[in-house]
Amino acid sequence: MTWKSRGELPSRSVISQRWALFLCFGSFCAGMLFTTRIWTIPENNKGLARPTAAETDKLNVVSEGCNSRIMQELEMKRDKDIYGEVYKSHNSIQTLDKTISNLEMELAAARATQESLRSGAPVSDDIRMSESSGKRKYLMVVGINTAFSSRKRRDSVRATWMPQGEKRKKLEEKGIIIRFVIGHSATSGGILDRAIEAEDRKHGDFLRLNHVEGYLELSAKTKTYFATAVNLWDADFYVKVDDDVHVNIATLGETLVRHRSKPRIYIGCMKSGPVLSQKGVRYHEPEYWKFGEAGNKYFRHATGQLYAISNDLATYISINQDVLHKYANEDVSLGSWFIGLDAEHIDDRRLCCGTPPDCEWKAQAGNICVASFDWSCSGICRSAERIKEVHRRCGEGENALWSASF
């Protein structure tokens, strides 16, 4: 090999090394550039773009709305479950109250009978019959308030509008009970009581009460009558009438039947008389101060000659008789017992017609009166003598009673 040949070899070797370094560096830079472009996420790529602040807020609102809706549905379901439980509890309480009320009524009846036996007061055949037989349903019980001295009045009622003997039994089959209501004297078993017992043996139309008779005890007598009657007879209505009033029984029954579906009925001729504070006058009210200033009037209540109450109200009196306050006037007392109750007051003027010609004109016009009396006498004046005339001119006729269907 020549020198020239040997000299060229080193020169090629040097150039190759430089180019090699250059190529390596270039490759490295190209690799860095290529790698950076591949892994950089473009900002305008909608598929991979990050949500903006507005979009984030919107997503949060939607999320909160869904959560709120879910919470509302859960709360509604919970409230519905609670209401369902409350409704079931309310029904159970109502059923329990009704059961307790029935038990209290039966207990009151047993106590009334037991007290009568213990006190030695006369016990009517009706009480003995009720102990030995089950109760049946009646339309009404009519209690005629009477006194020891009213024998003539009772006979005049028996001779006019009150059926006697077999007819009275037939009337009971139609669902109507009628009895004269009286207690006993201060000396039980005395001459007055023996006279009533003899009269009852003859007619069998008395309801004897565990009550001491007296004019100032009319409120107590009224309370005892309703408590006793509701425990003896299961009726829709209980009527109180004075023994100097004329009554058309069929018309009374037809009037009460119209209100049969209502639970708490208090029916009569409603009035609101003055509260009398002067001592010594008739109808004086010793507790006048309870009714406000002088000159005030009583609350609305039925006049005492005749009124009727439904079974629920009579039962209320029976259960609560020990705590019901008595005012001087029995019609005011009865009205006060119902003034705070959810009871319907029905003002029916046919229950307080006048004697002829008033009731006669109304009968001729086809509007037969339930009851007739004179306001000036708080009953028919001289009723023992005049009630037959009233019956003849204002009576509904015997056929009306037996053809009526209650």
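Which elements each supply at least two residues of the lining of the largest cavity? I looked, bearing in mind that this is a predicted model, and found β1 (137–145) and α7 (218–232).

**Entry: the cavity**

I searched the whole structure and got one cavity of 30 Å³ or more. The space inside the largest cavity comes to about 50 Å³. I wrote down its lining residues: Gly143, Asn145, Val181, Lys221, Thr222, Tyr225 and Lys240. With three residues, α7 gives the most to this lining. I then sorted the lining by class and got two nonpolar, three polar and two charged residues.

Next I turned to the open space. I noted a volume of about 1,100 Å³ for the largest pocket. Its lining has 37 residues, and I marked Tyr215, Leu218, Asp242, Arg282 and Tyr283 as the ones that lie nearest its centre. For elements that give two or more residues to the pocket lining, I listed α7, β4 (234–242), β7 (301–310) and α10 (330–338). Here β7 gives the most, with four residues. By class, I have 14 nonpolar, twelve polar and eleven charged residues in the pocket lining.

**Entry: looking back**

One name turns up in both of my lists: α7 supplies at least two residues to the cavity lining, and α7 also gives two or more to the lining of the largest pocket.

Key: Residues numbered from 1 in each chain as written. Predicted model: local features only at pLDDT ≥ 70, side-chain atom pairs only at ≥ 80, totals over all residues. Heavy atoms only, no water. 1 Å grid on protein atoms, 1.4 Å probe; cavity = no way out; pocket = protein on both sides within 12 Å on 5 of 7 lines; lining within 4 Å. Points joined across faces, edges and corners; volume = space filled by probe spheres on them. Nonpolar A, V, L, I, M, F, W, Y, C, P; charged D, E, K, R; others polar.
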